[in-house]
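Please read them alongside the coordinates.

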Amino acid sequence: MSNKEVKASLKSAREAIRNKEYKEALKHCKAVLKQEKNNYNAWVFIGVAAAELEQPDQAKGAYKKAIELEPNQLLAWQGLANLYEKSNQTDVKEDLADVYQKLLELYASGDKQKWCDVCTKLVELYHQEKKYLEVAETWQKLIKMKQKEGAENTELHQLWKRMIQLLEDSTQYQDKKTEQLLVMAFERALESFDTIPGEDHQNLYKDFIQCLSKFSHEAARLENACNDMMALYPSVSYPLEVLCLHFVQSGALSEEALCCFSKLLEMDPSSGPGIIGFGVKSFQEKKYKEAVKSLTEGLQKTSQCPAAWHYLADAQMKLHKHRCAVLSCNRALKALGTSEGPSFRWKNLILQLKAEALIKIADANAAEEAIKAIEQIVDANSDPVVLALRGQAYLKKGLMDQASKISQELLLSHPDLAESHALEGFIHYSQKNYEQAERSFLNAIERKAETAEYHQYLGLTYWFMSDETRRDKGKALTQFLKAAKLDSYLGSVFRYLGNYYRDIAGDKSRARGCYKKAFELDGTDEESGTGAVDLSVELGDMDTALSILNEVTERASPGTAKWAWLHRGLYYLRTDQPSQAVADLQAAVRADPKDSNCWESLGEAYLNRGSYSTALKSFRKASELNPGLVYSVFKAAAVEQILGKYENAIATYQQILKDTEDYVPALKG
């Protein structure tokens with residue numbers, strides 16, 4: 001075949017492709033290749049025809065052969081790009097990216113519009129594959145090309161905005177270079193606005209600030225962006241709110257931060273971040289009740305701030321509201337999500353605080369939860385304070401061997417750590433080894449004298465060690481007073497002081513004050529509530545007793561606060577108010593249906609009210625629950641006598657006298 005015939009065959013092949021006669025085209029191409037096996041155009045036409053005949057492998061082979069022959073010719077690369085674009089196979093995307101890269105190289109010195117079209121396709125491909133760095137770098141090349149070609153500011157502005165859209169999901173992948181390119185895109189888009197200030201500019205500024213707030217290492221840039229936006233839009237609270245949350249999350253409260261909180265609350269008194277900021281300020285000033293109030297209110301409006309939840313949990317711990325603190329820690333962990341980086345520091349702090357709260361709740365289930373929380377702390381085994389916590393959790397769960405093992409290891413590896421000696425003290429105290437516990441707690445106090453709990457436990461050690469140490473003012477009392485001075489929210493230590501003043505010093509008035517304080521701090525402390533009420537009654541101060549009882553019963557949910565209902569019911573019984581007594585004693589029975597004393601008291605109230613049948617049932621129920629309650633059995637007989645059931649009454653009296661010969665009321669009956 002002559003050169004002329006080769007050209008004629010190629011022309012025929014081109015015509016056949018134009019007429020969609022692809023098999024015919026293949027025949028012409030094969031004829032050419034018999035003569036010239038390295039004919040570039042023949043291989044390209046085979047690629048086109050095979051692709052149209054849905055023979056992708058043959059088409060791919062033909063294009064690749066053509067590329068091998070002429071690597072810098074466009075046709076084969078364009079054909080291969082078309083082939084890959086139509087393919088449904090996922091594995092060709094990598095190859096397609098390489099083809100686009102080559103096309104960019106070939107178009108660079110020629111057709112700029114085609115270069116831009118291919119560049120856009122390459123970016124979309126990278127975006128589908130979530131290759132955000134490649135997206136950013138390639139789009140930046142496109143913008144540079146447009147700038148070189150003299151594009152208008154409006155077009156460039158739209159390109160920077162498109163780059164932001166392409167990269168908006170990239171923030172979760174924590175790639176520094178991509179982050180920098182995204183930040184640059186925001187800055188360029190903001191600079192290239194035609195109208196500043198304006199609504200669109202303001203909204204993009206918000207997006208920019210929100211983006212920066214996700215990057216912990218961009219703190220300075222975030223602060224600058226917020227300040228710049230405030231200068232442009234002084235009536236918009238958004239940048240101030242972000243800045244406030246940024247300061248809360250950073251954990252450092254500077255003068256600038258405090259100024260921000262005040263400024264935001266002036267602008268919007270109901271702003272969640274502003275109220276949170278005020279709560280953190282109260283926490284730093286040790287105004288824990290105010291802190292809890294403000295943080296709770298602020299978090300109802302702005303719940304996605306892990307640091308604020310941590311501050312709330314910490315404030316609740318300072319007030320010894322341990323169950324509330326656990327709930328706040330859970331909310332903090334939820335708000336934190338699965339993010340990494342500096343969030344690890346917060347996660348560890350929250351998990352540690354949660355473990356401390358669970359240990360203070362002091363039951364086996366809570367201890368198990370505490371162990372699980374500690375297991376999630378990163379590098380928990382290398383932190384001696386966390387190890388001491390684990391030891392306490394094991395102790396509360398009853399795993400004495402594991403707790404002792406940790407204690408021994410800590411005393412060897414960290415003998416100067418207060419927590420090492422305190423853990424040893426807790427173990428000895430739980431085993432009633434009070435002399436060893438005393439030594440351990442003294443060692444802990446020597447290393448950390450400001451910890452109220454150590455003084456409280458040393459006081460309890462003296463309380464149970466012997467009658468002598470209990471009565472010695474320099475022992476138990478001194479330690480309880482030190483604990484109360486160091487932590488004025490520690491309700492239990494005021495209860496122990498109440499016990500001391502009541503049982504040892506015989507000072508009822510002071511004891512009553514301590515019980516009252518303990519109960520004010522912890523409304524669930526029945527022992528302190530009962531102590532305060534009983535001593536008020538003994539001191540003839542019924543107003544105080546009733547005030548405490550009324551407060552408890554008002555806020556009690558059904559089936560709770562038995563002690564308060566019982567005490568007030570007995571008061572009404574003594575003061576001849578049987579109907580009120582019946583109502584309160586019924587509530588006491590609902591709280592504890594197995595308490596024979598409550599049933600007996602309820603029987604008395606019914607009897608005084610003249611409700612004999614229900615009185616009889618109540619006395620019988622009391623004696624069923626506790627057959628040793630002779631008084632209830634006697635009262636049942638007395639009611640039967642009133643009701644005219646003489647035979648039953650006589651039988652019951654005789655039974656009482658059989659068991660208790662000299663029980664005078666039964667003889668009388």
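1. A residue is called buried here when its relative accessible area is under 20%, exposed when it is over 50%, and partly exposed in between (1.4 Å probe, protein chains only). His 322 has a relative accessible area of 15% and is therefore buried. This is a predicted model, in which local features need pLDDT of at least 70 and side-chain atom pairs count only at pLDDT 80 or more, while totals for chains, interfaces and linings use all residues. Residues are numbered from 1 along each chain as its sequence is written, and side-chain values use heavy atoms, with hydrogens and water left out.

2. His 322 belongs to helix 18 (residues 322-336); helices (H or I, at least four residues) and strands (E, at least two) are DSSP runs numbered from the N terminus. Leaving aside residues up to four places away in sequence, His 322 touches Met 317, Ala 357, Lys 360 and Ile 361, where contact means heavy atoms within 4.5 Å.

3. Ala 452 is found in helix 25 (residues 452-465). With a relative accessible area of 7%, Ala 452 is buried. Beyond residues up to four places away in sequence, Ala 452 touches Ala 483, Leu 486, Asp 487 and Leu 490. Gln 479 is 27 residues from Ala 452 along the chain, and the two C-alpha atoms are separated by 9.0 Å.

4. Helix 3 (residues 40-52) has 13 residues and reaches 19 Å from its first C-alpha to its last, close to the expected 18 Å; the expected span is 1.5 Å times one less than the number of residues. Its buried residues are Tyr 40, Ala 42, Trp 43, Val 44, Phe 45, Ile 46, Gly 47, Ala 49 and Ala 50. Their cover includes helix 1 (3-18), helix 2 (22-35), helix 4 (56-69) and helix 5 (74-86).

5. Helix 16 (residues 288-301), with 14 residues, reaches 20 Å between its first and last C-alpha, close to the 20 Å expected. Tyr 288, Ala 291, Val 292, Ser 294, Leu 295, Gly 298 and Leu 299 are buried in helix 16. Helix 15 (272-284) and helix 17 (306-318) are included in what covers them.

6. How do helix 21 and helix 23 lie relative to each other? The axes of helix 21 (residues 384-396) and helix 23 (residues 418-430) come within 9 Å and cross at roughly 10°. Axes are lines fitted to C-alpha atoms, for helices over the stretch in contact, with angles from 0 to 180 degrees between N-to-C directions. The two helices are therefore roughly parallel (under 35 degrees; over 145 is roughly antiparallel, 65 to 115 roughly perpendicular, the rest oblique).

7. In that pair, Val 385, Ala 388, Gly 391, Gln 392 and Leu 395 of helix 21 meet Glu 419, Leu 423, Phe 426, Ile 427 and Ser 430 of helix 23. By class, the contact has six nonpolar, three polar and one charged residues. Ala, Val, Leu, Ile, Met, Phe, Trp, Tyr, Cys and Pro count as nonpolar, Asp, Glu, Lys and Arg as charged, and the others, Gly among them, as polar.

8. Lys 432, in the loop between helix 23 and helix 24 (434-447), has a phi near 65°, a positive value in a residue other than glycine. Lys 432 is exposed, at 62% relative accessibility.
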